[in-house]
Amino acid sequence: LALVEQLRATMRLRPDDLQGQELLMRNEAALGRFADAAAAQARVIALRGPAATAEDHAIHAELMIHAAGGIVSPEAERALTEALRRNPANGRALFNAGIMLMQIDRYDQAFELWRRHIATAAHDDPYAPAMRSRIMDIAERAGALRYTPPPVPAPAAALPGPTAAEIEGAEALSPGERREM
């Protein structure tokens, strides 16, 4: 806490320090101070200007949503809209846009957003599992009673490595030969 207080003081003196604002945002969020984290993220976006990414805007929206106790405010909606304008496949923005749509009883639109995303999401997409876990309930509320979710994508093939026989063979090598190998 003392270090974060020092960081806050430093950022008041150096508001144009992009790396410092990013660090402040992460630490405020880790402390559950979501409104302060959202303010720091807004500063990050302002400092990046046109180079701000979809993920920058999606993070800003998510922080505002957490600060509002899970409610998607008009400000958070604008940030989500900007994130999706920059990258229509941003998982974080799509997840939170679906939450927003459910909050206004538009389960049909939330279902379509999430259905399309989980159909194409990579195996390591961090938001796809949360969407998958709720999609059947949303499908039912949307009236899509015959919906069947697609299978979970398989992880990408592992990089090639030594076989068991090669590992066994390495045991017979000298330490120098092993280092060279």
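**Exposed positions and overall fold**

At 55% relative accessibility, Arg78 counts as exposed, a class that requires over 50% relative accessible area, with buried meaning under 20% and partly exposed lying in between (1.4 Å probe, protein chains only). The model is predicted, so local features need pLDDT of at least 70 and side-chain atom pairs count only at pLDDT 80 or more, while totals for chains, interfaces and linings use all residues. Residues are numbered from 1 along each chain as its sequence is written, and side-chain values use heavy atoms, with hydrogens and water left out.

**Chain-level description**

- The protein chain contains 10 helices and 0 strands, where helices (H or I, at least four residues) and strands (E, at least two) are DSSP runs numbered from the N terminus.
- Read from the N terminus, the order of elements is α-α-α-α-α-α-α-α-α-α.
- Of the 181 residues in the protein chain, 37% are buried.
- When contacts in the protein chain between residues at least 6 apart in sequence are considered, 47% of them join residues at least 24 apart; a contact means heavy atoms within 4.5 Å.

**Helix 1 with helix 2**

- Helix 1 (residues 2-13) packs on helix 2 at an angle of about 140 degrees, with the axes 10 Å apart; axes are lines fitted to C-alpha atoms, for helices over the stretch in contact, and angles run from 0 to 180 degrees between N-to-C directions.
- The crossing of helix 1 and helix 2 is left-handed, a term for a near helix turned anticlockwise from the far one by less than a right angle, with clockwise giving right-handed.
- On the helix 1 side the contact involves Val4, Leu7, Arg8 and Met11, and on the helix 2 side Gly20, Gln21, Leu23, Leu24, Asn27 and Glu28.
- By class, this contact of helix 1 with helix 2 has 5 nonpolar, 3 polar and 2 charged residues; Ala, Val, Leu, Ile, Met, Phe, Trp, Tyr, Cys and Pro count as nonpolar, Asp, Glu, Lys and Arg as charged, and the others, Gly among them, as polar.

**Helix 2 with helix 3**

- Helix 2 (residues 18-30) and helix 3 (residues 34-48) have axes 8 Å apart and pack at an angle of about 160 degrees.
- That angle makes helix 2 roughly antiparallel to helix 3; angles over 145 degrees count as roughly antiparallel, under 35 as roughly parallel, 65 to 115 as roughly perpendicular and the rest as oblique.
- The crossing of helix 2 and helix 3 is left-handed.
- Residues of helix 2 in this contact include Leu18, Leu24 and Met25, and those of helix 3 include Phe34, Val44 and Leu47.
- The residues of the contact of helix 2 with helix 3 divide into 9 nonpolar, 2 polar and 5 charged.

**Helix 6 with helix 8**

- The axes of helix 6 and helix 8 come within 12 Å and cross at roughly 30 degrees.
- Helix 6 and helix 8 are therefore roughly parallel to each other, and their crossing is left-handed.
- Gly91, Leu94, Phe95, Ile99 and Met102 of helix 6 make the contact with Ala130, Met131, Arg134 and Ile138 of helix 8.
- The contact of helix 6 with helix 8 has 7 nonpolar, 1 polar and 1 charged residues by class.

**Individual residues**

- Arg78 belongs to helix 5 (residues 74-86); Arg78 and Ala61 are 17 residues apart in sequence and 8.0 Å apart in space, C-alpha to C-alpha.
- Pro88 lies in the loop between helix 5 and helix 6 and is exposed at 61% relative accessibility.
- Between Pro88 and His117 there are 29 residues of sequence separation and a C-alpha to C-alpha distance of 9.7 Å.
- Asp105, in the loop between helix 6 (91-103) and helix 7 (107-120), is exposed with a relative accessible area of 59%.
- Asp105 has a positive phi of about 60 degrees although it is not a glycine. Most residues other than glycine have a negative phi.
- Glu140, in helix 8 (residues 128-142), is exposed with a relative accessible area of 55%.
- Glu140 and Asp108 are 32 residues apart in sequence, with their C-alpha atoms 9.4 Å apart in space.
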